[in-house]
Amino acid sequence: MRVHHIGYLVKKIEKAQAEFTKLGYETEAETVYDGLREIDICFMVKDGTRVELVAPKTETSVVTGLMGRYKNSPYHICYESDDFDGDVENLTKNGYAQIDEPMPAPALGGRRVVFLMNSFLGMIEILEA
């Protein structure tokens, strides 16, 4: 597995995008709405590092609760996997709790993603290569 991006929770995509631009990041793709999760997503890159700006679109969004706890901040690291099912199985056998079912990610070409939680590391995301 290799790091694909750092998920960054933000209240307003456009304002966060403007601030990341001031830091030298460039927008990798236009903002995408993920209707399954009720979030807006925008990827930005700088020096080979990719951040995923994630903003809740509704009060029932999967990240609305996190927004109250974390505010604007990084909240997960995403790892791209060449063996998605095998890596998820291995992680769950080794102390990671799967917190959702694998689902397609519209902002990532429909590839499957799944989120896992570890009490020592927090949340990670696994992305199908």
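Is Val3 buried or exposed, and what is its relative accessible area?

A: Val3 is exposed, because its relative accessible area is 54%. By the cut-offs used here, buried means under 20% relative accessible area, exposed over 50%, and partly exposed in between, with a 1.4 Å probe and protein chains only. The model is a predicted one, in which local features need pLDDT of at least 70 and side-chain atom pairs count only at pLDDT 80 or more, while totals for chains, interfaces and linings use all residues. Residues are numbered from 1 along each chain as its sequence is written, and side-chain values use heavy atoms, with hydrogens and water left out.

Val3 lies in strand β1; strands (E, at least two residues) and helices (H or I, at least four) are DSSP runs numbered from the N terminus. Together with Ile6 and Ile77, Val3 makes a nonpolar surface patch of about 220 Å². Such patches consist of residues with over 30% relative accessible area and no salt bridge, where nonpolar side chains (Val, Leu, Ile, Met, Phe, Trp, Tyr) are joined within 5 Å and like charges within 9 Å. The accessible areas come from the Shrake-Rupley method with a 1.4 Å probe, and for residues only the protein chains shown count as cover.

Ile6, a member of this patch, is also one of the residues that Glu52 touches. Glu52 belongs to strand β5. Its contacts (heavy atoms within 4.5 Å) are His5, Ile6, Gly7, Tyr8, Ile41, Cys42, Phe43, His76 and Glu125, leaving aside residues up to four places away in sequence. Glu52 is buried yet has no salt bridge, and the nearest side chain of opposite charge, Arg37, is 8.0 Å away. A salt bridge requires a side-chain nitrogen of Lys or Arg within 4 Å of a carboxyl oxygen of Asp or Glu; in assigning charge, Lys and Arg count as positive and Asp and Glu as negative, whereas His and the chain ends are not counted.

Side chains of opposite charge can pair when their charged atoms come close. The whole structure contains ten salt bridges. In one of them, the side chains of Asp82 and Arg2 meet at 2.9 Å, N to O. This pair links distant parts of the chain, for Asp82 is in the loop between β6 (73-81) and α3 (84-93), while Arg2 is in strand β1 (residues 2-9), 80 residues apart. Asp82 counts as exposed because its relative accessibility is 65%; Arg2, with a relative accessible area of 37%, is partly exposed.

A further salt bridge joins the side chains of Glu80 and Arg111 at 2.7 Å, N to O. Here too distant parts of the chain are linked: Glu80 is in strand β6 and Arg111 in the loop between β8 (103-104) and β9 (112-118), 31 residues apart. Glu80 counts as buried at 15% relative accessibility, whereas Arg111 counts as partly exposed at 24%.

The side chains of Arg112 and Asp85 form another salt bridge (3.3 Å, N to O). Arg112 in strand β9 and Asp85 in helix α3 are 27 residues apart, and the pair links distant parts of the chain. Arg112 is partly exposed, with a relative accessible area of 24%, and Asp85 counts as partly exposed at 48% relative accessibility. Salt bridges that share partners join Arg2, Glu80, Asp82 and Arg111 into one network.

Strand β9 also holds Met117, which is partly exposed because its relative accessible area is 32%. Met117 touches Gly95, Tyr96, Ala97, Ile99, Gly122 and Met123, not counting residues up to four places away in sequence. Met117 and Leu91 are 26 residues apart in sequence and 9.8 Å apart in space, C-alpha to C-alpha.

Most residues other than glycine have a negative phi. Asp47, however, is not a glycine and has a positive phi of about 50 degrees; Asp47 lies in the loop between β4 and β5 (49-56), and is exposed with a relative accessible area of 73%. Glu38 likewise has a positive phi, near 60 degrees. Glu38 is found in the loop between β3 (32-34) and β4 (39-46), and counts as partly exposed at 22% relative accessibility.
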